[in-house]
Amino acid sequence: SGTLTTFLMIIFSIVTAMGLAGWLGTLLSPPVMSAPIMVLTMAIADAVHLLVTMKHEMHLGKNKVDAMVESMRINFWPIFVTTLTTALGFLSLNFSDAPPFHDLGNIAAIGVSAAFVFSITFLPALITILPAKSTREVTGKYAMGHFGDFVIRHYRALLIGSTVVVLILVALVPKNELNDVFVEYFDTTIEFRRDSDYAAEHLTGVYYIDFSLGTNEAGGISDPEYLKDVDKFVQHLRAQPEVIHVFSLTDTFKRLNKNMHGDDPAWYKLPDERNLAAQYLLLYEMSLPYGLDLNNQIDVGKTTTKIAVTLNTLSSNEILALEQRTSAWLQENMPELEGFGTGPTVMFAHLGERNIHSMLIGTTVALFMISMVLIIFFRSLRYGLISLLPNLLPAAAAFGIWGLFVGQVGIALSVVTGMTLGIVVDDTVHFMSKYLRARREKGFNAEQAVHYAFNSVGIALLVTSVVLVAGFMILAQSHFQLNAGMGLLTSCLLYTSPSPRDSCIHLVCR
């Protein structure tokens with residue numbers, strides 16, 4: 001009955017999120033299509049906490065309705081707070097410079113909110129109608145109680161050991177660098193990737209930068225001095241190791257000059273007179289087929305020309321380094337010319353860098369708001385602020401592991417910290433709520449309250465953690481690197497969170 005009810009609640013939550021996204025006109029993109037899996041894992045977490053507590057109360061002798069009422073009383077506020085913090089984490093994706101991540105965050109936040117509504121309305125209503133006669137205790141509940149005793153006895157060793165491990169992993173975080181390779185967003189099972197790799201190896205590159213060089217004088221591109229500067233810049237570009245080919249109007253002038261002198265190789269050079277250059281340009285334009293012109297190479301006022309540079313397959317860092325190196329060369333050697341590089345290659349390289357800075361702001365805002373929520377919920381500044389520490393450490397540890405084994409952080413991975421901040425807080429909220437309930441309602445001391453928290457909510461935390469890791473590992477199987485990398489790093493982050501969190505929480509409680 002619990003499995004069936006949870007399954008229906010998941011379907012309702014996903015349909016609500018994607019349906020509202022449709023009404024809002026959200027476009028489906030590869031990042032957006034990971035939202036249903038995220039909603040699924042979040043919805044399961046809400047249901048597990050309610051059903052585990054209900055089953056425990058039935059084991060103690062209560063009937064099904066009374067057990068569900070007690071479960072709702074105990075879990076309503078923790079589920080509400082975890083929903084709020086998770087939604088805040090997803091909404092922080094709106095600080096990203098990539099609109100698809102805005103859509104992903106908004107849809108996931110809608111789905112998480114819908115899961116909360118269905119978990120406190122539909123799930124209790126249906127579970128009380130369906131048969132649920134078993135009064136056996138939840139599987140593994142007593143094992144979690146023994147594990148809680150182990151944590152209580154060895155909390156100092158666990159805390160020190162976890163701290164040492166986390167510090168070592170944090171020291172590896174600087175090994176990460178912004179290093180997107182956009183062609184490699186698709187793995188080799190995708191035909192586009194195979195074709196691109198073949199073209200880059202045997203034909204030409206798929207990366208390119210267009211440089212614009214202009215003067216302030218109308219018709220200035222016919223000026224011999226301007227043409228000499230452009231040709232000098234072209235030769236500089238061709239000397240760069242990343243460059244495969246450079247296409248420039250100066251090559252056309254050289255060929256025309258050679259053709260007009262009987263194809264004498266000695267005349268393969270730029271014209272020395274402005275009028276002659278203008279006549280060559282007019283002759284060339286008039287010889288083009290009907291409907292074609294040079295507007296793809298020069299502007300209408302003939303003040304600016306485009307230089308098309310084809311590159312090897314480069315990472316974002318290499319593209320930015322080439323652009324900065326080239327801009328510095330232009331500024332040093334031709335300060336009178338207005339030059340800059342542009343194109344999708346440059347745009348995406350800068351987008352990754354800007355996205356990291358934007359998400360740092362988004363994560364900071366989410367952290368502040370989640371802190372306020374926890375302080376209000378726990379009714380304690382001490383518990384609210386200190387409980388954030390064991391939830392920030394997993395993110396640092398996960399990026400340390402990523403730096404050790406991968407070392408490349410792209411656009412998708414820059415949103416992971418903000419997105420998962422609200423998720424990793426969930427276990428802390430449920431654990432601390434049970435601890436505070438034991439202290440305030442039952443009068444237990446710190447160790448008894450910690451044991452009670454492990455015994456009452458430990459198995460639910462274990463199940464939800466496994467579900468979260470499994471759900472995001474599904475994303476890691478994607479053939480699209482943005483989804484696969486985000487799923488893998490998030491799974492790593494969720495996997496590294498329990499041990500330091502449990503020992504830190506116990507220290508805080510003492």
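The largest cavity holds about 80 Å³ of space.

To find the largest cavity, select Ala-45, Asp-46, His-49, Thr-82, Ile-423, Asp-426, Asp-427, His-430, Thr-464 and Leu-468, which line it. By type, this lining divides into 3 nonpolar, 4 polar and 3 charged residues.

Next, show helix 2 (35-59), helix 16 (416-441) and helix 17 (446-475); each supplies at least two residues of the lining of the largest cavity. Which helix gives the most to that lining? Helix 16 does, with 4 residues.

Now move to the largest nonpolar core, a set of 79 residues. Select Phe-233 and Ile-307, the residues with the most contacts inside this core. Stay on Ile-307 and leave aside its neighbours within four places in sequence: Ile-307 is in contact with Ile-209, Asp-210, Phe-211, Leu-213, Val-230, Phe-233, Val-234, Leu-237, Val-246, Phe-247 and Ser-248. A second, separate core has 51 residues, among them Val-81, Val-429, Ala-453 and Ala-460.

Finish by colouring the chain by pLDDT. The chain average is 82, and 93% of the residues score at least 70. Where is confidence highest, and where is it lowest? Helix 1 (residues 2-23) is highest, at 93, and helix 19 (residues 498-509) is lowest, at a mean of 48. Select residues 499-504, where the pLDDT is below 50; this stretch has 17 contacts in the model beyond near neighbours in sequence. Where pLDDT is low, predicted coordinates should not be read in detail.

How values were computed: Residues numbered from 1 in each chain as written. Predicted model: local features only at pLDDT ≥ 70, side-chain atom pairs only at ≥ 80, totals over all residues. Heavy atoms only, no water. 1 Å grid on protein atoms, 1.4 Å probe; cavity = no way out; pocket = protein on both sides within 12 Å on 5 of 7 lines; lining within 4 Å. Points joined across faces, edges and corners; volume = space filled by probe spheres on them. Nonpolar A, V, L, I, M, F, W, Y, C, P; charged D, E, K, R; others polar. Core = buried A, V, L, I, M, F, W, Y, C linked by side-chain atoms within 4.5 Å. Buried < 20%, exposed > 50% of the residue type's maximum accessible area, 1.4 Å probe, protein only. Contact = heavy atoms within 4.5 Å. pLDDT = per-residue confidence, 0-100.
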